[in-house]
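Let's take a walk through this protein together. Keep the picture open beside you and follow along.

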Amino acid sequence: MIIPEFATGYYPGKDSKLEVPLPDGLSGSYTFEIYSANDVEYTETADASKGAKSVTFDIYAIDKDRRVIYAKNNNSSEEKLIRYATYEFDYATEKWTLIGELNTDELI
């Protein structure tokens with residue numbers, strides 16, 4: 001008997017890099033987070049005032065894996081999380097694709 005590849009609930013994944021661009025005109029330090037359920041799964045900090053143009057996450061991803069990136073301004077007294085971007089991973093090409101647009105209006 002042949003057992004289908006996904007019958008066990010195992011989905012193959014790959015280590016990947018998700019590079020998220022920062023908008024022009026951004027200044028200051030920002031923390032970018034990806035959540036899994038209610039917990040932070042990945043965190044990276046970028047300081048636009050020091051010339052950062054993007055933030056990169058090292059992620060273990062499976063096919064059609066979607067990740068939502070949230071951002072917060074480290075220089076603000078508000079602890080407001082801004083939903084910044086959604087990306088989807090394609091296992092075959094090993095590439096991340098932006099779903100929709102970057103939410104630059106709330107970030108700047």
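Before we start, a word on pairing: two strands pair if DSSP finds at least two bridges between them. Also keep in mind that what you're looking at is a predicted model.

Start with the sheet. It's an open one, built from five strands in the order β3-β2-β5-β6-β7, and the pairing is antiparallel. The strands at the edges are β3 (39-47) and β7 (95-99), each of which pairs on one side only. Going from one strand to the next, the twist averages 30°.

Strand β6, residues 82-90, runs antiparallel to β7, and five bridges join them.

Next, the inside. The largest nonpolar core holds 23 residues, and the ones with the most contacts inside it are Leu 18, Phe 32, Phe 57 and Ile 69. Two or more residues come from each of β1 (13-21), β2 (29-36), β3, β4 (54-62), β5 (66-73) and β6. The largest share, five residues, is from β6.

Let's stop at Phe 57. Setting aside neighbours within four places in sequence, what is Phe 57 in contact with? Its contacts include Leu 18, Phe 32 and Ile 69, along with Ser 16, Tyr 42 and Glu 44.

Finally, head out to Lys 50, in the loop between β3 and β4. Is Lys 50 buried or exposed? Its relative accessibility is 72%, so Lys 50 counts as exposed, the cut-off being over 50%. Lys 50 and Ser 29 are 21 residues apart in sequence, and their C-alpha atoms are 8.8 Å apart in space.

Methods: Residues numbered from 1 in each chain as written. Predicted model: local features only at pLDDT ≥ 70, side-chain atom pairs only at ≥ 80, totals over all residues. Heavy atoms only, no water. Helix = DSSP H or I, 4+ residues; strand = E, 2+ residues; numbered from the N terminus. Axes fitted to C-alpha atoms, helices over the stretch in contact; angles between N-to-C directions. Core = buried A, V, L, I, M, F, W, Y, C linked by side-chain atoms within 4.5 Å. Buried < 20%, exposed > 50% of the residue type's maximum accessible area, 1.4 Å probe, protein only. Contact = heavy atoms within 4.5 Å.
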